[in-house]
Amino acid sequence: MPTYIYKIQPVRPEMLAEGLTDDEARITAEHFAYLQDLKDQGALLLAGRTLGDDYSAFGIAIFQARDDAHMRQLTLADPGVAQKLFRAEWHPFRVALLADELGA
């Protein structure tokens with residue numbers, strides 16, 4: 001199954017420095033639950049974010065999807081993307097090296 005790298009960035013970067021609005025907190029919780037569900041289904045391999053609080057901050061995830069159309073579907077179904085809290089991009093990705101403790 002193809003692997004994809006997924007990058008998201010907040011549309012309003014100030015949310016990281018100033019704190020989340022109530023709507024942003026709700027959407028972030030929905031986004032996290034969505035990722036957890038995808039992890040449980042085996043589609044999400046890894047997810048995390050940089051620790052910065054300015055415009056350069058971003059999150060990444062590594063997914064396995066059937067094809068580009070499936071990856072597009074996963075992206076558009078992300079509550080953070082669908083509700084325009086995050087902008088997203090994804091690219092086909094090949095893992096070249098993987099630490100033994102992370103392997104299957």
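## Pockets and ring pairs in a predicted model

The second largest pocket is lined by T3, L45, L46, I62, Q64, F93, V95, L98 and L102. Two elements, β2 and β3, each give two or more residues to that lining. Sorted by class, the lining of this second largest pocket holds seven nonpolar and two polar residues, with no charged ones. The space inside comes to about 300 Å³. Keep in mind, as you look around, that this is a predicted model.

Now for the largest pocket, which has about 480 Å³ of space. It has 24 lining residues, and those closest to its centre are I8, H31, L35, G48 and R49. Which elements each supply at least two residues of the lining of the largest pocket? They are β1, α1 (14-18), α2 (22-41), β2 (44-49) and β3. By class, the lining of the largest pocket splits into 17 nonpolar, five polar and two charged residues.

Next, the aromatic rings. To describe a pair of them, you give the distance of the centres and the angle of the planes. How many aromatic pairs does the count come to here? There are two, and here they are side by side:

| Pair | Centre to centre | Angle between planes | Type |
|---|---|---|---|
| Y4 and W90 | 5.4 Å | 80 degrees | edge-to-face |
| Y6 and F63 | 5.3 Å | 85 degrees | edge-to-face |

Take Y4 and W90 to start with. Y4 belongs to strand β1 (residues 3-10) and W90 to strand β4 (residues 86-92), so this pair ties together parts of the chain that are 86 residues apart in sequence. Are these two residues, Y4 and W90, buried or exposed? Both Y4 and W90 are buried.

Then there's Y6 with F63. Why is this pair called edge-to-face? The planes of the two rings stand at 85 degrees, and an angle over 60 counts as edge-to-face. Y6 sits in strand β1 while F63 sits in strand β3 (residues 59-64), and the pair links distant parts of the chain, 57 residues apart. Y6 and F63 are both buried.

Where does the charged end of K7 sit? You'll find it over the ring of F58, 5.1 Å from the ring's centre.

Notes: Residues are numbered from 1 along each chain as its sequence is written. This is a predicted model: local features need pLDDT of at least 70, side-chain atom pairs count only at pLDDT 80 or more; totals for chains, interfaces and linings use all residues. Side-chain values use heavy atoms; hydrogens and water are left out. Rings of Phe, Tyr and Trp (its six-membered ring) pair if their centres lie within 6.5 Å; planes under 30 degrees apart count as stacked, over 60 as edge-to-face and the rest as tilted. Helices (H or I, at least four residues) and strands (E, at least two) are DSSP runs, numbered from the N terminus. Buried means under 20% relative accessible area, exposed over 50%, partly exposed in between (1.4 Å probe, protein chains only). A charge sits over a ring if NZ of Lys or CZ of Arg is within 6 Å of the ring centre and within 35 degrees of the ring normal. On a 1 Å grid over the protein atoms alone, a cavity is a set of points where a 1.4 Å probe fits but cannot get out, and a pocket is an open set with protein on both sides within 12 Å along at least five of seven lines; lining residues have an atom within 4 Å of a point. Grid points are joined across faces, edges and corners, and a volume is the space filled by probe spheres set on the points. Ala, Val, Leu, Ile, Met, Phe, Trp, Tyr, Cys and Pro count as nonpolar, Asp, Glu, Lys and Arg as charged, and the others, Gly among them, as polar.
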